[in-house]
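Visitor: I am new to reading protein models, and I would like to learn how to describe what I see. Could we go through a few features together, slowly?

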Amino acid sequence: MADTDKLANEVKTMTLQNGESTAPNNSSDDFMNDWGFPLPDLYKLSLRFYKGTTNGSEKDGKAIHLTYKEKLRLVAYTKQAAHGKYRNDVSPDVGFLDVVGNDRSTRLSTDPSMWQAWQNLGDMSKESAMMEFIKLVDSQCGLLRPYIEAHKAENMEKIKKQREAEEQRRREEEEKERKRLEEEAQRQLEMERKRQLEQEMQIRTALNQQTAVQFSQYATQQCPGNKQQQEELIRQLQEQHFQQYMQQVYQQQLLHQQQQYQQLQQNTSSAQQLQQNMSSAAPNTTTTNNNPNVTTVITKTETKELTQAQQQQLQPNGPTSVPTEQPDTNGNKEDHELPPLAAASMWTRKDIKEFKESLRKDKDSVIKIGSGETVTVRVPTHEDGSCLFWEFSTDYYDIGFGVYFEWTVEPSNAVTVHVSESSDEEDLEEEQQENKVDVEQGSKQDNRPPTDEIIPVYRRDCHEEVYCGSHAYPGQGVYLLKFDNSYSLWRSKNLYYRVYYSR
């Protein structure tokens, strides 16, 4: 009985008067940093190690040598960690306290000092009991730390393999997704390419049908009696016609986009200007609206300056119709009534020397265009024709060339040549005259017939090869073939040209 009291007193020294542990205040984070495991996991490993060594001592002699007092303390710590504070009403039966082996008849399982040792731990927390158990086993057996380190290395290896497996799965998924996207992009590209080829074939077929008669007549004239050369020439003409048509389509799309952008800028600028005018005239305003839900403000000083369209816009219940255009009193067709123009065909030939030799004898087919000059060849449509053809070349240097169509009726079918110093200067003067408004004389009405651009003026390397082209008659009018040398300040150009029509 004296020994039991002594053991109980020794265990009791581990508690304060309030029942708190006197063990060093080591937190679970310190154990995590020191051992590499969270406190609950470290406690389980230490308990497993302790059980394994004590069982081994009974079988193999590999034992951790503890005194009876130390075993008593370990058992008390395990009960505190598992069940918390000791209570008589919920305390387990005798034999349940045996944690060091399977012998429930030993005096450790039946010794009353066991109960006293657990009871003396008082309110010690489960975490503190775990810490004390680990420190006691570690102090009595140097094999605990290597055992924990081995498990730590094993866990790290498992984590490493798990991460490698996850990384491998991620790479495989990324590679699979990349291949899927590439296949999808390739499929979309193939579909787009197929669609473009189908569209190209449709355009080629339509263009070839439009120019079949013209190109056939031209090939027959150029290669009489040689069917093979005629077919080859027709194929070349069709290919050049298609390329030029697509180039004009791209240019028209770009021009349309630019016009839309400019129109958007103009609308934005007009709206901002109108808002600024109304804001600046706010002090001198009157309300002219009978509708109490809508307030329309018109400045006194600017009422007379508002246009009819602006006044209609400011009236809440006023008309919203757009003024219609007045008919042309000169008998010319309005722009919106003119039929659409088909695209012109252009191609080149290499027989420039033979071409110029054949035209040298005809003085009317050779024109000397001075430096800075622009020559306009007016070719009226013929009542017996349906298509106009042209061919031209120069000596040594290039020249600008473009085609326009003037919607007018010529009294004769004669081809005339007009020379001017610069077409750009004439256009600029005409625009300036149009922009000038004389209040006393009124605006001057423009009596010129409408003119459409078929081929814009570009510099052509017609000194290297013969430039040829054709255009189907859009109606009755005059073709304007412009040969522009205005960009050349010193050089004159000798122009060789020929125009004719086909039925």
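Visitor: Where is the kink in helix H8 centred?

Guide: Before answering, please keep in mind that this is a predicted model. The kink in helix H8, which covers residues 144-222, is centred on Thr211 and amounts to about 55°. Thr211 also belongs to the buried residues of H8, a list that includes Leu207, Gln214, Phe215 and Tyr218.

Visitor: How do helix H4 and helix H7 pack, and at what angle?

Guide: In general, two packed helices are described by the angle between their axes and the distance between the axes. Here helix H4 (residues 68-83) and helix H7 (residues 126-140) pack at an angle of about 150°, and their axes are 8 Å apart. H4 and H7 are therefore roughly antiparallel to each other, and the crossing in which H4 passes H7 is left-handed.

Visitor: Which residues of H4 and H7 meet?

Guide: On the side of H4 the residues include Leu74, Tyr77, Gln80 and Ala81, and on the side of H7 they include Ala129, Met130, Phe133 and Leu136. Sorted by class, the contact of H4 with H7 has nine nonpolar, four polar and four charged residues.

Visitor: Is Gln80 buried or exposed?

Guide: Gln80, which lies in helix H4, is buried, because its relative accessible area is 0%, and a residue counts as buried under 20%. Leaving aside residues up to four places away in sequence, Gln80 touches several others, among them Tyr86, Trp118, Leu121, Met124 and Ala129.

Visitor: What is the relative accessible area of Leu338, and where does Leu338 lie?

Guide: Leu338 lies in the loop between helix H10 (308-314) and strand E3 (345-349), and Leu338 is buried, with a relative accessible area of 11%. The C-alpha atoms of Leu338 and Trp407 are separated by 8.6 Å, although these two residues are 69 residues apart along the chain.

Visitor: How many helices and strands are in the chain, and what share of the residues is buried?

Guide: The chain has twelve helices and twelve strands, and 33% of its 503 residues count as buried. Among contacts with a separation of 6 or more, residues 24 or more positions apart account for 81%.

Definitions and conventions:
Residues are numbered from 1 along each chain as its sequence is written. This is a predicted model: local features need pLDDT of at least 70, side-chain atom pairs count only at pLDDT 80 or more; totals for chains, interfaces and linings use all residues. Side-chain values use heavy atoms; hydrogens and water are left out. Axes are lines fitted to C-alpha atoms, for helices over the stretch in contact, and angles run from 0 to 180 degrees between N-to-C directions. Helices (H or I, at least four residues) and strands (E, at least two) are DSSP runs, numbered from the N terminus. Angles under 35 degrees count as roughly parallel, over 145 as roughly antiparallel, 65 to 115 as roughly perpendicular and the rest as oblique. A crossing is left-handed if the near helix is turned anticlockwise from the far one by less than a right angle, and right-handed if clockwise. Contact means heavy atoms within 4.5 Å. Ala, Val, Leu, Ile, Met, Phe, Trp, Tyr, Cys and Pro count as nonpolar, Asp, Glu, Lys and Arg as charged, and the others, Gly among them, as polar. The bend at a residue is the angle between axes fitted to the seven residues ending there and the seven starting there. Buried means under 20% relative accessible area, exposed over 50%, partly exposed in between (1.4 Å probe, protein chains only).
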